[in-house]
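Here is a quick walk through one protein model, written for someone who likes to see the cut-offs next to the values. Have the structure open while you read.

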Amino acid sequence: MAYAYDDQNIFARILRGEIPNSTVMETDHTLAFNDIAPQAPVHVLVIPKGAYVTLDHFAAQASEAEIVDFHRVVARICADLEVAPGMGGAGYRVISNAGGDGVQEVPHYHLHILGGRPLGRMLAKAV
Ligand code: 5GP
């Protein structure tokens with residue numbers, strides 16, 4: 001099965017400039033912006049500019065330049081927003097929801113970077 005990318009998803013529209021965003025960082029391959037409904041004092045979404053649906057899609061099919069750039073942006077944001085533990089920050093959590101069980105709302109690959117407060121256990125409860 002191939003990955004099916006819906007180019008009408010909200011992040012595709014943000015990338016086309018059709019919807020405004022609060023940009024945190026932008027490079028040739030990557031855009032990072034504040035989540036519209038923040039769950040923590042730091043809640044940044046990092047997305048590739050390419051048309052990838054999920055982390056596994058990006059990891060399988062993105063170029064090495066895209067993959068390196070994306071993760072360098074994550075590192076720079078963690079440093080700039082002072083959550084990187086190795087640089088004196090108190091820590092953070094990265095989440096990437098994928099598909100139905102992952103409760104992915106927007107079908108364009110993104111990492112959530114959350115921090116600025118204690119975040120509790122990884123999952124609210126087992127089912
Ligand atoms: P998902 O469940 O797909 O991992 O999360 C999607 C995230 O995108 C949610 O945290 C939601 O608040 C955020 N979001 C949805 N629409 C917009 C938007 O138009 N602008 C921004 N900045 N964030 C959005």
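Is Phe-58 buried or exposed? Phe-58 is buried, at a relative accessible area of 1%; buried here means under 20% relative accessible area, exposed means over 50%, and partly exposed is in between (1.4 Å probe, protein chains only). Before going further, some bookkeeping: this is a predicted model, where local features need pLDDT of at least 70, side-chain atom pairs count only at pLDDT 80 or more, and totals for chains, interfaces and linings use all residues. Residues are numbered from 1 along each chain as its sequence is written, and side-chain values use heavy atoms, with hydrogens and water left out.

**Aromatic rings**

Rings of Phe, Tyr and Trp (its six-membered ring) pair if their centres lie within 6.5 Å; planes under 30 degrees apart count as stacked, over 60 as edge-to-face and the rest as tilted. By that rule there are five aromatic pairs.

| Pair | Centre to centre | Angle between planes | Class |
|---|---|---|---|
| Phe-58 and Phe-70 | 5.1 Å | 55° | tilted |
| Phe-58 and Tyr-109 | 5.2 Å | 35° | tilted |

Phe-58 sits in helix α2 (residues 55-61) and Phe-70 in helix α3 (residues 64-80), so their pair ties together parts twelve residues apart in sequence. Helices (H or I, at least four residues) and strands (E, at least two) are DSSP runs, numbered from the N terminus. Phe-70 is buried too, at 0% relative accessibility. Put together, Tyr-52, Phe-58, Phe-70 and Tyr-109 make up one aromatic cluster.

**The annotated histidine**

The loop between β4 and β5 also holds His-110. An unreviewed UniProt entry places the feature "active site" at His-110; UniProt positions are given in the numbering used here, feature names are shortened, and annotations may be inferred rather than shown by experiment. His-110 is buried, with a relative accessible area of 5%. Leaving aside neighbours within four places in sequence, His-110 is in contact (heavy atoms within 4.5 Å) with residues including Phe-11, Ile-47, Ile-95 and Gln-104.

**The sheet and its helix**

Five strands form an open sheet in the order β1-β2-β3-β5-β4, with antiparallel pairing; two strands pair if DSSP finds at least two bridges between them. β1 (23-26) and β4 stand at the edges with a single partner strand each, so one side of each has no neighbour in the sheet. From one strand to the next, the twist averages 20°. Strand β3 (residues 42-48) and β5 are joined by five bridges, and His-43 stands opposite Leu-114 in β5. Helix α3 lies across β1, β2 (30-34), β3, β4 and β5, running at about 165° to β3. For such angles, axes are lines fitted to C-alpha atoms, for helices over the stretch in contact, and angles run from 0 to 180 degrees between N-to-C directions.

**Two loop residues**

Thr-27, in the loop between β1 and β2, is buried at 16% relative accessible area. By contrast, Glu-82, in the loop between α3 and β4, is exposed at 65% relative accessibility. Beyond four places in sequence, Glu-82 touches Gly-89 and Ala-90.
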